[in-house]
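Let's take a friendly walk through this model, with the working definitions given as we go. Please have the viewer open beside the text.

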Amino acid sequence: MPNSEPVKHQCSFCKRMVTVHNQYDLPIYDPATGFAICRNCIREINHFLDEHDQETVHEEKLDFARQLDEILAKNKPHVIKAFLDKYIINQDRAKKILSVAVYNHYKRMKYSYTHKDGMEIEKSNVIMLGPSGCGKTALVSHLSQLLDVPFAVTDASSLTEAGFVGADVEVAVRNLYYAADRNIEKAEHGIIYLDEFDKIARKSGANNSITADPGHEGVQQALLKMLEGNVVEFTARGQRKHPEAPTIKVDTTNILFIVGGAFVGIEDVIAKRLNQSGSSIGFGAEVASKDEKPSYDELIHKVRPEDLMHYGIIPEIIGRLPVICTLETLDEDALLRILTEPVNAPVKQYEKLLAMDHAKLEFAEDALRAVAQKAIERKTGARSLKGIIEDIMLDIMFDIPRSDEPRKVIITKDCIENGARPEIVPIPGSAE
Ligand SMILES: Nc1ncnc2c1ncn2[C@@H]1O[C@H](COP(=O)(O)OP(=O)(O)O)[C@@H](O)[C@H]1O
Ligand SMILES: [Mg+2]
């Protein structure tokens, strides 16, 4: 343009005349009407909005702190445990530990919202050890139904499968973010359960060199960052990671971590330590005969952080999991109770299913015991119970719906042990 004189224009807002060198001096300008807002006014509006936003965040926090009073009042540890009791047989100590962990998690949150004294109550992440099918995953999933904070389960063994160092660990936080309906603030106070945690152990324990097992070591290092409290960055679900992809950032400082696993073989590590200590106070004193190996249960309850280290978990991670919680192997009586007592017990489920076809399901007491014994043979704890019953029930569930006549289905020990056909009898007096 020949005319290089800068133009002047009036801001419609502050009415000042603004010298316009470029569009940034008058960011809003409508040539048709002459309506304009100068950069100073926009700055001020921005500042005003920022302040307001900060106030709302503060108010939201206070609001949440008030909600926390209610949450605390209705989530006392004994109440949480009573809820877990409805679903999970035995494992009393684990239930207590988890109930306290959750309650304390709420208390820490309240403290941090209402006190600004610089004092911070440290969180107590939990590690659960127990044989396959003893209720680790079931405990946590029932616990999650009761929680007032977001909760997400991530299978730690899936983190290793991808194989590259640390890259996939954010998935655990991403799962939590989605469990929190994409509310970052909520996600930052959630609970993450890492299942199958033993699968990330270095393959041959402490004396293995790092280079021999790079994947697991890498995953552990990445998990450690998360456990220590760090800002974890990830992309939205379904979005591939590339430099321009927008990322979501979640601070894990206040996230409670619970990890669980079977730690198959850790009993040998514990036995070895107890033997080496050589004292008669070790398990040797408690075991009557020399060739009688102490049971998994006897040993697992004596687990110490150094055993986990020898198992192949790096010490820094163990240090971040101060609460060690061991679960017991379920014996025949426990399995028997699992079949019938919990709110969602397998037997209750089949009763309900058959009732919809006017059939009354009855298990003979020795039949249930036979199911429990079969499950013990399979060595997968309560996990195989449902499958064992399902096997026998298949024919029944196929045949019963053929008619609407009220009937009784009786499952005997013979059905369980030898595959005999369950007895089906009409219910007397109900026949038309
Ligand atoms: N102590 C228990 N009380 C009630 N049900 C149980 C118990 N332990 C396991 N179960 C049932 O057995 C199945 C497998 O248990 P799970 O929690 O997955 O075992 P794991 O300890 O290997 O994680 C689940 O369906 C669960 O409901
Ligand atoms: Mg499990």
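## Terms and numbering

Two residues count as in contact if their C-beta atoms, placed from the backbone, lie within 7 Å. Axes are lines fitted to C-alpha atoms, for helices over the stretch in contact, and angles run from 0 to 180 degrees between N-to-C directions. Helices (H or I, at least four residues) and strands (E, at least two) are DSSP runs, numbered from the N terminus.

This is a predicted model, in which local features need pLDDT of at least 70 and side-chain atom pairs count only at pLDDT 80 or more, while totals for chains, interfaces and linings use all residues. Residues are numbered from 1 along each chain as its sequence is written, with chains lettered from A and ligands numbered from 1 in the order in which they are written.

## The five-stranded sheet

Helix α6 (residues 171-179) lies across β6 and β7, running at about 150 degrees to β6. Both strands belong to an open sheet of five, ordered β6-β7-β10-β5-β11 with parallel pairing; two strands pair if DSSP finds at least two bridges between them. At the edges, pairing on one side only, are β6 (151-155) and β11 (323-326). From one strand to the next, the twist averages 20 degrees.

β6 and β7 (residues 191-195) run parallel and are joined by five bridges. Within this pair, V153 stands opposite Y193 of β7.

## The three-stranded sheet

A second open sheet has the order β12-β13-β14, with mixed pairing. Its edge strands are β12 (359-363) and β14 (423-426). Helix α15 (residues 346-355) packs on this sheet, touching β12 and β13, and its direction makes about 155 degrees with that of β12.

β13 (residues 407-411) pairs with β14 in the antiparallel sense over four bridges. R407 has P426 in β14 as its bridge partner.

## Around ligand 1

Ligand 1 has 18 residues around it, with G135, K136, T137, A138 and A382 coming nearest (near means a C-beta atom, placed from the backbone, within 6 Å). Helix α4 (residues 136-146) supplies the largest share of this shell, three residues. Domain 2 (75-326) and domain 3 (332-426) each give at least three residues; these bounds come from an automatic or database domain assignment.

## Confidence

The protein chain has a mean pLDDT of 86, with 87% of its residues at 70 or more; pLDDT is the predictor's confidence in each residue, from 0 to 100. Where pLDDT is low, the predicted coordinates should not be read in detail.
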